[in-house]
Amino acid sequence: MEQERTWVTVLLFCLSIKMTRADSVTQHSNSIVLKQRESSIIQCKYETAGTAQGVFWYIQDPNQAPQLILSEYSEKEDIPPRFQHRFSASHNNAEKTFHLNITAAVLSDSATYFCALRPTL
């Protein structure tokens, strides 16, 4: 009998939005397909001419409003329990990147993810 495989699909809201004259956020991948328990990094690069109010990662489940996962200022206890042990982000101020790390993907991680320079909710 063939072994059943379950896939986790991560859709990325690929954006290059101009927020002010020189502010932008760019995600390069359109989608990522992972097997359960696999890990991945979703890349986010940003540009800002002024002082950014922070960098944020959001998830949007089907037919739901976006939900904040974490920001550059998040403490572990600030992260929703669904994400606390498997989601983290690495912020590099010099390179202006804020990559989201997902470890041990599960089916409920199938959603749209997006990075933002300002709170969007």
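Let us start with a term: a residue is called buried when its relative accessible area is under 20%, exposed when that area is over 50%, and partly exposed in between, using a 1.4 Å probe and the protein chains only. By that rule Asp61, at 18% relative accessibility, is buried. This is a predicted model, in which local features need pLDDT of at least 70, side-chain atom pairs count only at pLDDT 80 or more, and totals for chains, interfaces and linings use all residues. Residues are numbered from 1 along each chain as its sequence is written, and side-chain values use heavy atoms, with hydrogens and water left out.

Now for the overall picture. The protein has ten strands and zero helices, where strands (E, at least two residues) and helices (H or I, at least four) are DSSP runs numbered from the N terminus. Of its 121 residues, 37% are buried. The accessible surface is about 7,400 Å², and carbon and sulfur atoms account for 49% of it; such areas come from the Shrake-Rupley method with a 1.4 Å probe, and for residues only the protein chains shown count as cover. A contact means heavy atoms within 4.5 Å. Among contacts between residues at least 6 apart in sequence, 58% join residues at least 24 apart.

Six of its six residues are buried, so S10 is largely enclosed by the rest of the structure. In a regular strand, side chains alternate between the two faces of the sheet. In S10, Ala111, Tyr113 and Cys115 point one way, while Thr112, Phe114 and Ala116 point the other way.

Which strand pairs with S10 over five bridges? That is strand S6 (residues 56-60), and the pairing is antiparallel; two strands pair if DSSP finds at least two bridges between them. Within this pairing, Phe56 stands opposite Ala116. Tyr58 also belongs to S6 and is buried, at 2% relative accessibility. Its C-alpha lies 8.3 Å from that of Thr112, although Tyr58 and Thr112 are 54 residues apart in sequence.

The bond joins Cys115 to Cys44, with an S to S distance of 2.0 Å; a disulfide here is a pair of cysteine sulfur atoms within 2.5 Å. The torsion about the S-S bond is about -70°, so this disulfide is left-handed.

What does the side chain of Asp61 make a polar contact with? The partner is the side chain of Arg82, at 2.8 Å. A polar contact is a pair of N or O atoms within 3.5 Å; within protein, one must be able to donate a hydrogen and the other to accept it, and residues adjacent in sequence count only if both atoms are side-chain atoms. Leaving aside residues up to four places away in sequence, Asp61 touches Arg82, Ser108, Ser110 and Ala111.

Finally, strands S8 (residues 87-92) and S9 (residues 97-102) run antiparallel and are joined by six bridges. Phe87 stands opposite Ile102 in S9. The two strands form a hairpin with four residues between them, and Lys96 in the turn has a positive phi of about 55°.
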